[in-house]
Amino acid sequence: MDVAIREAEASDEGAWRRLWAGYLAHLGATVPDEVTAHTWARILDPASPVFCRLAVADDAIVGFAVCLLHEGSWALTPHCYLEDLYVDPQRRGRGAGRALIEDIRALARTKGWNRLYWHTREDNPARRLYDDFAPASGMIVYKLTP
């Protein structure tokens with residue numbers, strides 16, 4: 001499968017929302033519609049630190065990576081947090097996930113970002129892919145709801 005990676009555009013909203021719904025179902029998560037709409041608006045806003053890269057194969061959007069650029073206290077240049085990565089289950093194992101990560105890594109190099117990082121569940125089968133890029137950091141994530 002030939003995969004092209006590109007920036008999300010306004011006309012991609014329907015395809016992105018279908019994949020987003022699949023992603024949330026896969027995680028067993030719910031996100032209010034107003035949050036999804038706000039996320040999409042931030043993706044399209046060039047002033048926002050949120051951006052989205054899309055994987056396209058056979059003229060269809062088959063995956064996405066939603067990232068957030070942010071400052072850090074240990075570097076002069078931004079960190080890129082790969083917050084959401086998803087590939088249509090029918091298209092997995094054919095290079096779309098790898099292409100998305102490689103694309104963001106290339107952007108990080110080109111733009112001089114300090115770090116690209118992401119979190120995943122211990123039991124995520126995609127860790128086979130992630131381990132090709134870097135070893136797991138060993139960090140444990142704690143989440144608090146204020």
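Author: A residue is called buried when its relative accessible area is under 20%, exposed when it is over 50%, and partly exposed in between, using a 1.4 Å probe and protein chains only. The structure is a predicted model, in which local features need a pLDDT of at least 70 and side-chain atom pairs count only at pLDDT 80 or more, while totals for chains, interfaces and linings use all residues. Residues are numbered from 1 along each chain as its sequence is written, and side-chain values use heavy atoms, with hydrogens and water left out.

For Cys67, the nearest cysteine sulfur is that of Cys80, 4.1 Å away.

Helices (DSSP runs of H or I, at least four residues) and strands (DSSP runs of E, at least two residues) are numbered from the N terminus. Two strands pair if DSSP finds at least two bridges between them. Five strands make up an open sheet with mixed pairing, in the order S1-S2-S3-S4-S5. Its edges are strand S1 (4-7) and strand S5 (115-117), each of which pairs on one side only. From one strand to the next, the twist averages 25°; for such angles, axes are lines fitted to C-alpha atoms, for helices over the stretch in contact, and values run from 0 to 180 degrees between N-to-C directions. Between S1 and S2 the pairing is antiparallel, over four bridges, and Glu7 has Arg53 in S2 as its bridge partner. Helix H1 packs on this sheet, where it touches S2, S3 and S4, and its direction makes about 75° with that of S3.

We may now turn to the nonpolar side chains. In soluble globular proteins, nonpolar side chains tend to be buried together. A nonpolar core is a set of buried Ala, Val, Leu, Ile, Met, Phe, Trp, Tyr and Cys residues joined through side-chain atoms within 4.5 Å. The largest such core holds 20 residues, of which Leu82, Leu85 and Ile101 touch the most other members. At least two residues of this core come from each of strand S2 (50-57), S3, S4, helix H3 (96-111) and helix H4 (127-133). H3 contributes the most, with six residues. Which residues does Leu85 touch, if those up to four places away in sequence are not counted? Taking contact as heavy atoms within 4.5 Å, Leu85 touches Tyr23, Phe64, Ala65, Leu100, Ile101 and Tyr130. Another core, of 17 residues, lies apart from the largest one, and its members include Tyr23, Trp40, Leu54 and Val66.

Rings of Phe, Tyr and Trp (its six-membered ring) pair if their centres lie within 6.5 Å; planes under 30 degrees apart count as stacked, over 60 as edge-to-face and the rest as tilted. This rule gives twelve aromatic pairs. In one of them, the ring centres of Trp20 and Tyr23 are 5.7 Å apart and the planes stand at 45°, so the pair is tilted. Both residues belong to helix H1 (residues 13-27), three residues apart, or about one turn of the helix, and both Trp20 and Tyr23 are buried. Phe64 and Tyr86 form a tilted pair as well, with 6.0 Å from centre to centre and 40° between the planes. Since Phe64 lies in strand S3 (residues 60-70) and Tyr86 in strand S4 (residues 79-87), this pair ties together parts that are 22 residues apart in sequence. Phe64 and Tyr86 are both buried. Together with Trp16 and Trp40, the residues Trp20, Tyr23, Phe64 and Tyr86 form one aromatic cluster.

In the loop between S2 and S3 lies Asp58, which counts as exposed at 60% relative accessibility. Asp59, in the loop between S2 and S3, counts as exposed at 81%.

Methods. A disulfide is a pair of cysteine sulfur atoms within 2.5 Å.
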